[in-house]
Amino acid sequence: MKVSNHLWKDRLNGRIAPQLGAEIDAYENEIALKKQGKLDDKVFAEARLRRGSYGQRYDNGFRHDGIERRKLGYTTDLTKGPGTVWDAPGMQRIKIPFGGLNAEQLEAIADLAEEYSVGVAHITTRQDFQLHYIHIEDTPTIMRRLAAVGITTREACGNTVRNVTGCPLAGVCRDQAFDVTPYAKALAYFLLGHPDTQDFGRKFKIAFSGCDTNPCALVHIHDFGCIARVREVDGQTKRGFEVYVGGGLGTVPYQAKLYDEFVSEEELLPLAQSMARVFARLGEKKNRNTARMKFLVAKLGMEEFKRLVNEERAMLARDSRWTAYIEHVDRGSDGPLRPAQLLQISATEPEDFRAWKASNVYRQRQFGYATVTLTLPLGDITSSQLRTVATLSRKYARETVRNTTEQNIVLRWVSEKDLPALFTELKVAHLAAPGAGTIVDPVACPGTDTCKLGISSSRGLAGELRLRLAQSATARQEEIRGLHIKVSGCFNSCGQHHIADLGFYGVSRTKDGYSAPHFQVVLGGQWSDNAGSYGLAIGAIPSKRVPEAVDRITSRFLRERQSDETFQAFIRRIGKAECKAMLDDLTVLAPPGQDPGAYTDWHDVRKYNVGDMGTGECAGEVVSRLDRELAASEREAFEAQLAEEKGDAERAASLAYQAMLRGAAALLDWRSFPVPKNADEVVAAFRKEFYDTQLFFDPFAGGKFAQYFFGAHTHKDEPHTLEVSHRLIEEAQLFIECCHSSTQRISSATLA
Amino acid sequence: MQHLSVKIFEQSGAELNSSSAIAVFHRWIQRGHLKELAIDVADYAHIPCGPGVILVCYDGSYALENVGGRYGLQYQRKSRLDVDHQQALRAAYDLAVAACQRVEGEPEFKGHKFDPREFSITWNDRALYPNTDESWAHVQPGVATFLDNLLGARQYQLTRTGEDRRERLSAEVRETPQGAAR
Ligand code: SF4
């Protein structure tokens, strides 16, 4: 903790908006009260999460060092949430609406990263910044220093409206209907701290996109997604939005559904407010696993949901903020600093400049200007690089910088003529790597590096793929370069693996009592059309063999691609069975004696473990039987996918349900409980032995996966649409994953 | 003096391999090599000329890094230290030197050499030590006394760095040929 924290309050006096200052003071008081033992753990945890102060891996005070699970010797017993040690480093999330930043803000974040973290700021897939290894007592000062440059961390985490995302190209994009920036900004600040958004059961995510074909804002994975539209109304051109609701990734991805083809700009804010009121009033509060907007929309049905929203809308008292900003929207969100001039194409252009220009420079709709992308490895940027970006944004543009959902930074409004000079300066700062948004620029969530829920090292894998693909001749081919890789450390999909051409999420598997990191391969998700469709899991591969899998898949695509076939079309054409067959040998986990490397994770020498599992003498034969049964249920889940692919919704649903039933029976058998013949009895026994005892509870998702099984059993005799069967398949896969992980947890608890 | 960082430069110029750094730091944790509470190993080796691999401890952190394109070992004090200037500098410096010696003794880093007479000091707190001439004038006498004791009076060159005033207050120390010949 910094000695100087107390100095900042006076020093920044007058530079912080009074409301923000008061909120930070209140938070600081909560910290003081917590230290005095006068605030409940859960209450304090909620308070800090609302302000973006998150926990970090090992903050329960224990860490497995590869030999044994050890208690970290913090000297205080104080906690900052249930099971969260006060002194353990945490993460501070910094909300950057639509990713928009100016130079002063970049410099402030650079200073904070240096003084309170490790000199690195991390950009997330929601265009936020995250700082890691932060002490809780430094957070009020961090918030003050951010507030002084117009940034708030309020509602960066918790059950709130999260960072409102938007196309980083908004305003300069050649395909946009209009610039969505002012609308995103108005909505973000209108809902921030609004009384109607303070009582949600879960988070609420909003995105704005200027068109429906490009992927920049990923509207379809949001609770509330807006696509810019213009319409002729009474001979006048009107601006508005096509609005989608109830999308989300998470454990089971949901595509947002069309709510309204055209919501006028005047109605945008009141509509969002009305929806927030319905969500707060009727959204699930107790069970966080079914509390997202998507479940409410599914439960109510779109018609009833609309009726309720309209009812709320009719009751709202007019608020001048709904429309006050609209008169300014035509001024544009930003503009140029230097005169527009075209770049003269030269035959002697250096090769590195040419490669960078091809992938990292976007010609704006405004003649003579370009937007430049800075490729950040794994979304990381150092303090000194941030300062360089600030300097260059002042020199070449009017401080027009944005974070992107692909964890990069763009600098807008660069006069084309300045590109060579800018490139030279970026090179000095190691910010001129080519390949932005291509296969060599994978997206990854924090995973096991810092996230408490990480199962496998997403950053380790993504880092390794970056290095290997940069050297790969296959990856240099035009057809392959444009593919997207996205990696999540667990099923929660913060790395957005569902919408990647090649997606991966962390799981674990056990052999001979030893755990090994794996990744589920998810193929054929769609990044374009605002995250138009989701991929499905093919199978789990040991982490260390994933690069081989990538190589195999991309080489085959290159070889067998028909004319201008897309990757998604190719995957659909060869089918999931063939995809699985292509990777089958890679799924095999060799025994620890034969391949010890498979039992460590990328860039980590520790023996891999989940939940601090000991290495042990798990009863080999019994585990083998369990493994066999779980493999069989995985097979059934896969067959369900094949049935779905053929359009047979009923068979797909039935197989998905059977897969779960088999998994449940396998667990009962493994724990030596009698396995009933009848499905009702299996469900009842499973509920009694694994659900009521919470043995099957995931540390993060609680009983959610068991509930999938119970739900599938309850509705098994009802007719199934393809959409429902698709969801059942996703649920079955997660249920089986939970069978694997809960056996590991139970084994390790027994050994301890 | 609070929140000091000391970076001892690696002399051979050879790359400090990040995989080796990861292995070594994990081993230090496993074997309890440090008196401090070590928390985790953070890998930032993918950032060119960046913080490399960091051993994150509660009171401070150790990094085998390449900031500014020069390899070295940096110790950065994070928590408060209730001692005077001399002792604070001494504490940070000694921890950095001890870590360098330990790294030199690791088989993965055979051949690497850290010279404890060539290092940088950074004051990692802009409220207490802004990067200004006044601030430099304030800390310089304390640093000089420390260096006189360490290297001998007038046997070293102390240069203020961080010309970009947005950076932190910092300085580099290099033993002069006279000092080296002692
Ligand atoms: S996907 Fe999982 S591991 Fe990655 S950040 Fe989200 S919760 Fe953590």
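**Notebook: domains, ligand shell and chain contact**

I began with two domains of the predicted model: the C-alpha centres of domain 4 of chain A and domain 5 of chain A lie 24 Å apart. I noted that 26 residues of domain 4 of chain A and 22 residues of domain 5 of chain A take part in their contact.

I then placed these two in the whole chain. Chain A is divided into domain 1 (5-147), domain 2 (171-331), domain 3 (351-428), domain 4 (438-612) and domain 5 (614-752).

**Entry: domain 4 against domain 5**

I looked up the area that domain 4 of chain A and domain 5 of chain A bury between them and found about 2000 Å², with 56% of it on carbon and sulfur atoms. Which residues of domain 4 of chain A lose the most area to domain 5 of chain A? I recorded Phe491(A), Arg509(A) and Leu536(A), which together account for 27% of what that side buries.

I counted 3 salt bridges between domain 4 of chain A and domain 5 of chain A. I also noted a salt bridge between the side chains of Lys576(A) and Glu645(A), at 3.6 Å from N to O. Polar contact links 5 residue pairs between domain 4 of chain A and domain 5 of chain A, both residues being at pLDDT 80 or more.

On the side of domain 4 of chain A that touches domain 5 of chain A, at least two residues each come from β22 (502-511), β23 (514-523), β24 (536-542) and α19 (567-583) of chain A. The largest share of that side, 5 residues, is from β22(A).

**Entry: the ligand**

I listed the residues that surround the ligand; among them are Cys445(A), Cys451(A), Cys490(A) and Cys494(A). Pro446(A), Leu453(A) and Asn492(A) also belong to these surroundings. The shell divides into 6 nonpolar, 6 polar and no charged residues.

**Entry: chain B against chain A**

I next turned to the two chains, where 36 residues of chain B are in contact with 45 residues of chain A. Chain B and chain A bury about 3500 Å² between them, 56% of it on carbon and sulfur atoms. Gln30(B), Arg126(B) and Arg166(B) supply 19% of the area that chain B buries against chain A, more than any other three residues.

How many salt bridges are there between chain B and chain A? I found 6 salt bridges. I also recorded the salt bridge of Arg168(B) with Glu114(A), whose closest N and O atoms are 3.6 Å apart.

How values were computed. Residues are numbered from 1 along each chain as its sequence is written. Chains are lettered from A and ligands numbered from 1 in the order in which they are written. This is a predicted model: local features need pLDDT of at least 70, side-chain atom pairs count only at pLDDT 80 or more; totals for chains, interfaces and linings use all residues. Side-chain values use heavy atoms; hydrogens and water are left out. A residue is near a molecule or strand if one of its heavy atoms lies within 4 Å of it. Ala, Val, Leu, Ile, Met, Phe, Trp, Tyr, Cys and Pro count as nonpolar, Asp, Glu, Lys and Arg as charged, and the others, Gly among them, as polar. Domain bounds come from an automatic or database domain assignment. Contact means heavy atoms within 4.5 Å. Buried area is the accessible area (1.4 Å probe) that two parts lose on being put together, summed over both. A salt bridge is a side-chain nitrogen of Lys or Arg within 4 Å of a carboxyl oxygen of Asp or Glu. A polar contact is a pair of N or O atoms within 3.5 Å; within protein, one must be able to donate a hydrogen and the other to accept it, and residues adjacent in sequence count only if both atoms are side-chain atoms. Helices (H or I, at least four residues) and strands (E, at least two) are DSSP runs, numbered from the N terminus.
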